[in-house]
Amino acid sequence: MDFGLNEEQLAMKEAARDFTEKEIIPYADKWDEEHYFPVEVIKKMGELGYFGTPIPEEYGGTDVGLLAQTLMCEEIGRGSASIRVAFNTQCLGNALSILRYGTEEQKHKWIPDLISAAKIGCFAITEPNAGSDVVALKTTAKPNGDGFILNGCKNWISFASRADVALVYAYHDREAGSKGMSAFIVDMHSEGVSTNDLDKLGTRSSPTSEIFFEDVRLPKDALLGKLGDGVKICFSSLNQTRLCCASGGVGLAQACLDAAVKYCNEREQFGKQVGQFQMNQELIGQMAARIESARLLTYRAAWQKDQGSLGNTLEMSYAKYIAGETVSFCAHSAMKILGAYGYSTEYPVARYYRDAVLYQIVEGTANIHKMIIALDQLGYRKANR
Ligand code: GRA
């Protein structure tokens, strides 16, 4: 067992930390307050190669793996939970799925532009009546002549209103049950596509939208994989995007701990630093131990993927679940330690608190991950398949 990171991984983590300190942290509260989506920062990250680490060089990537990306995602997530989402929209939910299931033509057409962020991506699974229950989605892509006609409505889609391309899951044949679902690469500038931004508690500098598809004509080569591969592509893609969520959660939890430690060492009450009080020490001790557990689970899941186990749903659920619980605990603890300074919008802890909740909701809620784990433990359904 080797817990060390290699030089390349350490250098990438360091570079992302530096980028976060200079390009994100000084502005993140203002962006959040103004609901501003800093697409120029995402494009810079693309140019720096942040999104191409699991992608072979022939498609513009660096092929250094998913653990390297996880380390960078953690650092970016420490600065902004909103910008962290770009690892999913540019790489894990889109480029990586096209790499695994696309034709040579599709790979060359879409992957380089997604990982360089020349084109902004999004992936559209969720619908008003299909959240945890993915196969309940209603969007259809009916075969028509040489292509398909897409109709339906998606909900809670990150970056949709700014996206150039979307990976959309829809039924080509409703009668065929889960075998009737397919995945489509959709040009978001096509006629019949419209979006509407939704307001939300946190991650306010990352747009989240509804998408409406009204008789959108899709060419034959919009189909990713084979007809009927939608469920397989969707769940295997979610198994990669959950990595970004887990590492983003670890990063934000670390930001909460950093803010709490700084405050404990600065603030004095009753004649001593507040870090001297055991009730605060109890919180700091718990935060640090929980973050380290979540981090190790997340790195292990990433490492397994780099060894070829992209279907590690069980280990991914451990990591995503624990990271979500940890960041929520840490945000709440930081708020307790900072008191009014945490509650004030002048300091980032209020933003951390609002953003932290997201990690128990997206990419499979905490309950969904507990269910995946429990069904596996009980022997009812194996998680890794
Ligand atoms: O038997 P079958 O041939 O019909 O196949 C079923 C099942 O075997 C079918 O899907 C198959 N399947 C899988 N196949 C491969 C299920 N899980 C997997 C898998 N891991 N690999 C339909 O199954 P079902 O009966 O509907 O579901 P289930 O098997 O009971 O699984 C349910 C479950 C709850 C686990 C699943 O639906 C699930 O994971 N739901 C959570 C959905 C989710 O994570 N949504 C996230 C949306 S995207 C998002 O949050 C973006 C955020 C952006 C950001 O901030 O990062």
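Where is the place of Phe159? In this predicted model, Phe159 sits in the loop between strand E3 (147-158) and strand E4 (165-171). Its relative accessible area is 0%, so Phe159 is buried. The backbone at Phe159 has a positive phi of about 70°, although the residue is not a glycine. Most residues other than glycine have a negative phi.

Ala117 also has a positive phi, of about 65°, and is not a glycine. Ala117 belongs to the loop between H8 and strand E1 (121-124). With a relative accessible area of 1%, Ala117 falls under the 20% cut-off and therefore counts as buried.

Ala117 follows helix H8. Helix H8 covers residues 104-115, 12 residues in total. At 1.5 Å a residue, these should span 16 Å. Six names make up the list of buried residues in H8: Gln106, Lys107, Trp110, Ile111, Leu114 and Ile115. Viewed down the axis of H8, the buried residues fall within an arc of 110°. They therefore line one face of the helix.

Aromatic pairs were examined next. The count comes to 8 aromatic pairs. In one of them, the ring centres of Phe19 and Tyr50 are 5.6 Å apart. Their planes stand at 70°, and edge-to-face pairs need an angle over 60 degrees, so this pair is edge-to-face. Phe19 lies in helix H1 (residues 7-24). Tyr50 lies in the loop between helix H3 (39-47) and helix H4 (66-79). The two residues are 31 residues apart, and their pair links distant parts of the chain. Both Phe19 and Tyr50 are buried.

A further pair joins Phe51 and Phe87. Here the ring centres are 5.2 Å apart and the planes are at 75°, so the geometry is edge-to-face. Phe51 is in the loop between H3 and H4, whereas Phe87 is in helix H6 (residues 86-92). Phe51 has 0% relative accessibility and so counts as buried. Phe87 is likewise buried, because its relative accessible area is 0%.

Tyr263, Tyr341 and Tyr347 form one aromatic cluster. Arg290 lies over the face of Phe329. The distance from Arg290 to the ring centre of Phe329 is 3.6 Å.

Asp32 is found in helix H2 (residues 28-34). Its relative accessible area is 3%, so Asp32 is buried. Which residues does Asp32 touch, not counting residues up to four places away in sequence? They are Arg204, Ser205, Arg351 and Arg354. With Arg354, the side chain of Asp32 makes a polar contact of 2.7 Å.

Conventions:
Residues numbered from 1 in each chain as written. Predicted model: local features only at pLDDT ≥ 70, side-chain atom pairs only at ≥ 80, totals over all residues. Heavy atoms only, no water. Phe/Tyr/Trp six-rings, centres within 6.5 Å; stacked < 30°, edge-to-face > 60°. Helix = DSSP H or I, 4+ residues; strand = E, 2+ residues; numbered from the N terminus. Buried < 20%, exposed > 50% of the residue type's maximum accessible area, 1.4 Å probe, protein only. Lys NZ or Arg CZ within 6 Å of the ring centre and 35° of its normal. Expected span 1.5 Å × (residues − 1). Arc of directions from axis to C-beta. Polar contact = N/O pair within 3.5 Å; in protein donor to acceptor, adjacent residues only side chain to side chain. Contact = heavy atoms within 4.5 Å.
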